[in-house]
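Here's a quick look around a few spots in this structure, taken one at a time. Keep the 3D view open while you read.

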Amino acid sequence: MKKLIVILVLPVLIMAGCSEKAGEKESTGYPIQPVPFTDVRVTDNFWAPRIKTNHEVTIPIAIEQSTITGRIKNFEIAGGMADGEFCSTYPFDDSDVFKIIEGASYSLQTFPDPALEAKLDTLIGKIGAAQEDDGYLYTYRTIMGDDSHPWIGKRWEKTHLLSHELYNLGHMYEAAVAHYRATGKRNFLDIAIKSADLVNDEIGWGKIETYPGHQEIEIGLVKLYIVTGERKYLDLAKFFLDVRGPGGEEYSQSHKKVIDQREAVGHAVRAAYMYTGMADVAALSNDQGYINAINQIWEDIVHKKMYVTGGIGASGGNEGFGEPYHLPNMSAYCETCASIANVFWNYRMFLHHGESKYYDVLERTLYNALLSGVSLSGDRFFYPNVLESAGQHRRQAWFGCACCPSNISRFIPSVPGYVYAKTDDEIYVNIYLDNSASIEKGDNRVEVVQKTNYPWDGDIEITVNPANEERFALKLRIPGWARDVAIPGNLYSFTDQKDEEIRLSVNGKNIKIGADDGYATVKRKWNKGDIIKLVLPMPVRKVIADERVEADRNKFSLQRGPLMYCAEWADNPDDQVLSLVFDHAAELNVEYREDMLGGAAIIKTVATPAKKTLYNEVVAGDPDEAVLIPYHLWNNRGPGEMKVWLPDTIASARPVPAPTIASRSKITASKMTSGLSTINDQYEPKHSNDHEWSYYHWWPDNNSWEWVQYDFEQAEKVSRVKVYWFDDRPDGGCRIPDDWELQYLERGKWLPVKATTAYTITRDDWDVLEFKPVNTTALRLRVKLSENFSSGIHEWIVE
């Protein structure tokens, strides 16, 4: 117990010791104050194992991968500790190392680990060596010099574009503050302060007036201000917001002044980091213009641009927001980093306004789009988080652009910090999970103990143990899903009304629930041992989308508690789910399976497969049992078909292909990828840039001859083929090819067919080639990629 108390109070002692100003300014400025994650000890079977896995697996892997890929060596080279050129991929790779240190620092406060702490000290020593004498820190320029990369000019010259100089520093400031609070050591904090002082000296009103092309430094500067009390860091964060726009790009939210923006546009991570920074600066500077802007932007996203999983960012082209109601499922971007940023932002919106609708969005994102980003094993990651897959998606061990794994490593250990919040006379209970918390309230300290199996059931018992009896309000969040509100606004709604009532009691006495701003408030004088019981019924609910969401018409999704569900290949007949049609009237039975995916509540129902015939008709097959699992758990058993939105008509399903020559063929190619299986699935695209269904491509290869090949089950007589090319202009890297040729296999040799019609190369339509009939066991389609672009194929039909 003594050890636990030391872990819990250490950060408070550390923060108070930073400077005299820090003692005065150790406040976020928000009307509602956070309860630090270090004051909350998680004891459940859902989050506690994930937090432990993050410490034991994810953080070590992230450090290892940063070593293998050269990210850490870049600091050694920049610091004169090693020779060589910049040896990783991107100029922003420094930021991954900073995020890993931040995550490790958080983890140290839950799992004291001298070996990890020593490893961080070594890393920080290398970072310090890489810092130039005046405080400048950006390994790419230090190693390679000015104008050494298209994104980089002179110092600060292209910060508003793609240099990521300021973005890297923002993550460094966050990491330095986290490390200081975890260990009490100033080694990293002093590096951050030296850097921030340089930025403040050189950038600002009347100096270099620029802004970060990728927002993040605003958040880091606010944290630096809070821990040091130095007002200049807050002023610099506000400068970076106020100097932004107009005249820039929507992609980076610099097209307008931040206070004039009302719609979410552009890159989703950049945007949500900016909205988070605006919320932080507004809390400390009382800037109502910021609040007005992010209030309206929040409504734009939640009412028009958010996925049912809480993910944001529909387009891969800009890694961000599309037009209102454009929410395709298979090509959904929903970047893991964007989900993390969405949680950051909604948390701060709650701290400003105290309304549970922000936590409704936060919880939806947390349990679905965000948690999907990491495997149960903690060593595989998603970058995008799609809502439908034909088997072409799988988590990866790492990425060239590794922002998501490093972001996961720093977010997971901070989850307990989202459970509670407080004011002088209120304690908010925002997330339900088994835990014990020690919450400081003025001169008093209140222990709050939750016992629950949430999110698998909604029975919650809360014991309140104030050190001294005290009158205050305990505000219990009643989630929107328990109040018949699928999500704030009308983008998604339940098809029915709940039957069971929410129940609340204190010391065995039932209390009538009035949900003020989404909270049941219990105000009384609290004594040790007072017990609250809250029951949130968790029936399976059917969710439908606004009719303007074309991708979700004639479909519904299933939600139970905060969890969205999906049908996945591993649990369903023939490993297929995309063809399944679901009946609204079918029973939905819940079963908790301890032996499945680490323990999960699954849903069993009945579905009917849709099948395409050789006459191009779609017919219904025989009904069979269908199983659905929580969305965040998909892809833990290998790649395969998955879908969140369940068709309720045959016309809205993806039928099993008819048994044609092509659909029965084995497919190989010059570049083997998971998308290859989609070129014979008999899906006709709407146009060449159709992203709503999968496609095969050779990107980033160009200026070469490539091929795809069908090996038939038996010799076939063929005389006609049809090809539909993939072309994602204007923003993508694929175009229709420069040329193509069809070959057939005869006696082990590839020979060109004798065409009887001209080879054509068409965008947004089929290219049809007729040729003299051949008897063969295989066809090969040779494709000449253009000099500057790659190419791809939606569908290849053989007749």
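## Helix 5 on its own

With 15 residues at 1.5 Å a residue, helix 5 should span 21 Å, and its end C-alpha atoms are 22 Å apart, so the two figures agree. Bear in mind that this is a predicted model.

Helix 5 covers residues 94-108. How many of its residues are buried?

## Helix 5 against helix 6

Next up is the partner, helix 6, which takes in residues 114-130. The axes of helix 5 and helix 6 come within 11 Å and cross at roughly 150°. That angle makes helix 5 roughly antiparallel to helix 6, since anything over 145 degrees counts that way. As for handedness, the crossing is left-handed.

Which side chains should you click on? Helix 5 brings F98, I101, A104, S105 and L108 to the contact, and they meet L116, E117, L120, L123, I124 and I127 of helix 6. By class, the residues of this contact come out as 9 nonpolar, 1 polar and 1 charged.

## Helix 12 against helix 13

Here's another helix pair to look at: helix 12 (residues 268-285) and helix 13 (residues 288-304). Their axes come within 9 Å and cross at roughly 145°. Helix 12 passes helix 13 in a left-handed crossing.

From helix 12, the residues in the contact are Y275, M278, A279, V281 and A282. They meet Y290, I291, A293, I294, I297 and I301 in helix 13. This contact has 11 nonpolar residues, with no polar and no charged ones.

## E716 in strand 28

Now for a single residue. E716 sits in strand 28, which runs over residues 705-726. Is E716 buried or exposed? Its relative accessible area is 14%, so E716 is buried, the cut-off being under 20%.

Setting aside neighbours within four places in sequence, E716 is in contact with I661, R664, V774, N775 and T776.

## D517 in a loop

D517 lies in the loop between strand 13 (515-516) and strand 14 (519-526). With a relative accessible area of 43%, D517 is partly exposed.

What does D517 touch, not counting residues up to four places away in sequence? The answer is G354, E355 and S356.

Technical notes. Residues are numbered from 1 along each chain as its sequence is written. This is a predicted model: local features need pLDDT of at least 70, side-chain atom pairs count only at pLDDT 80 or more; totals for chains, interfaces and linings use all residues. Side-chain values use heavy atoms; hydrogens and water are left out. Axes are lines fitted to C-alpha atoms, for helices over the stretch in contact, and angles run from 0 to 180 degrees between N-to-C directions. Helices (H or I, at least four residues) and strands (E, at least two) are DSSP runs, numbered from the N terminus. Angles under 35 degrees count as roughly parallel, over 145 as roughly antiparallel, 65 to 115 as roughly perpendicular and the rest as oblique. A crossing is left-handed if the near helix is turned anticlockwise from the far one by less than a right angle, and right-handed if clockwise. Contact means heavy atoms within 4.5 Å. Ala, Val, Leu, Ile, Met, Phe, Trp, Tyr, Cys and Pro count as nonpolar, Asp, Glu, Lys and Arg as charged, and the others, Gly among them, as polar. Buried means under 20% relative accessible area, exposed over 50%, partly exposed in between (1.4 Å probe, protein chains only). The expected span of a helix is 1.5 Å times one less than its number of residues.
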